[in-house]
There are 2 protein chains.
Amino acid sequence: MFFEFIEEVIMNDLDVFLSRRSIRRYKQESIEPDVMIQLVKAGMAAPSAFNQQPWEFVIVHETKLLEKIAKLHPFASMARYAAGFIIVCGLPKKDTLLLDMWPQDCAAVTENVLLAAHKIGLGAVWIGIYPNEKHMSIFKKVCHIPKEVIPFSGVCFGIPDTEKPPADRFDESRIHWNSWE
Amino acid sequence: MFFEFIEEVIMNDLDVFLSRRSIRRYKQESIEPDVMIQLVKAGMAAPSAFNQQPWEFVIVHETKLLEKIAKLHPFASMARYAAGFIIVCGLPKKDTLLLDMWPQDCAAVTENVLLAAHKIGLGAVWIGIYPNEKHMSIFKKVCHIPKEVIPFSGVCFGIPDTEKPPADRFDESRIHWNSWE
């Protein structure tokens with residue numbers, strides 16, 4: 001069976017998923033824009049429905065703008081000390097097949113960015129924006145995002161100034177085999 | 001700068017994201033249920049809005065059911081040859097804060113499962129289900145999923161019988177710095 005070959009390495013392989021935590025405390029150090037591009041690159045590698053890739057990105061690293069985000073979004077106060085804040089934007093108008101799957105495509109992108117940040121040693125946290133109208137309007141204003149583009153989510157990141165042990169969210173009772181009951 | 005320390009390893013670190021492709025051809029080999037549980041474990045490690053964890057999982061591996069899925073879902077014909085099919089289910093009733101973010105939480109979970117499968121050497125593909133009513137009803141029927149639970153997405157997987165080079169989806173023109181224009 002396949003499992004015999006991978007039993008020993010499987011735990012290491014899945015470490016990137018199992019050890020990731022939301023990190024909200026950062027050292028006051030900047031990060032090279034090239035590194036930020038790598039995070040976005042990992043994001044763009046996500047799958048999307050019919051490969052429509054309904055996304056764009058705003059990478060915020062100017063202190064003034066980070067402070068604005070921290071002040072305006074009720075759950076983004078950590079942005080004040082962050083090295084950067086990547087806004088994943090959705091493009092519903094790319095959804096010509098009317099699948100209405102662009103939010104899940106953008107969520108897959110966000111998860112990739114978040115995991116990529118963790119994988120290269122940064123600390124990061126997912127900031128929810130869509131579908132909250134008030135929160136979307138904050139980013140539209142601060143970053144001059146056009147009307148037809150949706151600020152979907154944010155990934156706030158920096159050099160971590162805190163360590164968190166893995167959170168065990170595994171709950172076997174939520175697994176059903178072949179049929180619900 | 002931080003980048004100097006990681007420049008050499010960054011490409012290796014991001015390989016799991018950049019090399020993942022949708023794999024739809026599998027060898028006729030079964031996979032140990034314990035491995036399937038590990039994929040779900042990676043899924044459950046995803047973040048969720050206010051840590052509501054609005055998800056459950058159905059792991060399908062019975063040939064009869066895989067064939068039913070292949071027959072009924074227009075984009076899941078590869079399930080016939082798959083070792084398994086993990087249905088990520090959403091629990092809107094866990095959303096007591098009315099954030100309406102459960103679909104993005106479930107998408108993050110799905111992306112984790114998909115990446116985890118790739119990371120341990122399996123081939124996998126994301127099958128969209130929600131919000132298509134017809135596709136949701138297929139899984140409700142086949143797996144007896146209760147009315148209040150939403151079959152959100154599927155991850156079809158097996159031992160890969162095909163190799164695909166990385167798809168370069170990177171498009172720098174989609175990156176905006178600090179402000180849209």
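Predicted model: local features only at pLDDT ≥ 70, side-chain atom pairs only at ≥ 80, totals over all residues.
The contact between the chains draws 67 residues from chain A and 67 residues from chain B. On the side of chain B that touches chain A, at least two residues come from each of α1 (2-13), α2 (15-18), α3 (33-44), β1 (55-60), α5 (102-119), β3 (123-128) and β5 (175-177) of chain B. Within β5(B), Trp177(B) stands opposite Ile59(A).

Helix α3(B) consists of twelve residues and reaches 16 Å from its first C-alpha to its last, close to the 16 Å expected at 1.5 Å a residue. Nine of its twelve residues are buried, so α3(B) is largely enclosed by the rest of the structure. Among the buried residues are Val35(B), Met36(B), Leu39(B) and Lys41(B).

In chain A, the peptide bond from Tyr130(A) to Pro131(A) is cis, with omega near 5°, and Pro131(A) lies in the loop between β3 (123-128) and α6 (133-143). In chain B, the bond from Tyr130(B) to Pro131(B) is cis, with omega near 5°, and Pro131(B) lies in the loop between β3 and α6 of chain B.

Asn51(B), in the loop between α3 and β1 of chain B, has a positive phi near 50° although this residue is not glycine. Asn51(B) counts as exposed because it has 10 C-beta neighbours inside 10 Å. Asp100(B) has a positive phi near 55° and lies in the loop between β2 (84-90) and α5 of chain B. With 14 other C-beta atoms within 10 Å, Asp100(B) is partly exposed.

Methods
Residues numbered from 1 in each chain as written. Chains lettered and ligands numbered in written order. Contact = placed C-beta atoms within 7 Å. Helix = DSSP H or I, 4+ residues; strand = E, 2+ residues; numbered from the N terminus. Pairing = 2+ DSSP bridges. Expected span 1.5 Å × (residues − 1). Buried ≥ 20, exposed ≤ 12 C-beta atoms within 10 Å, placed from the backbone.
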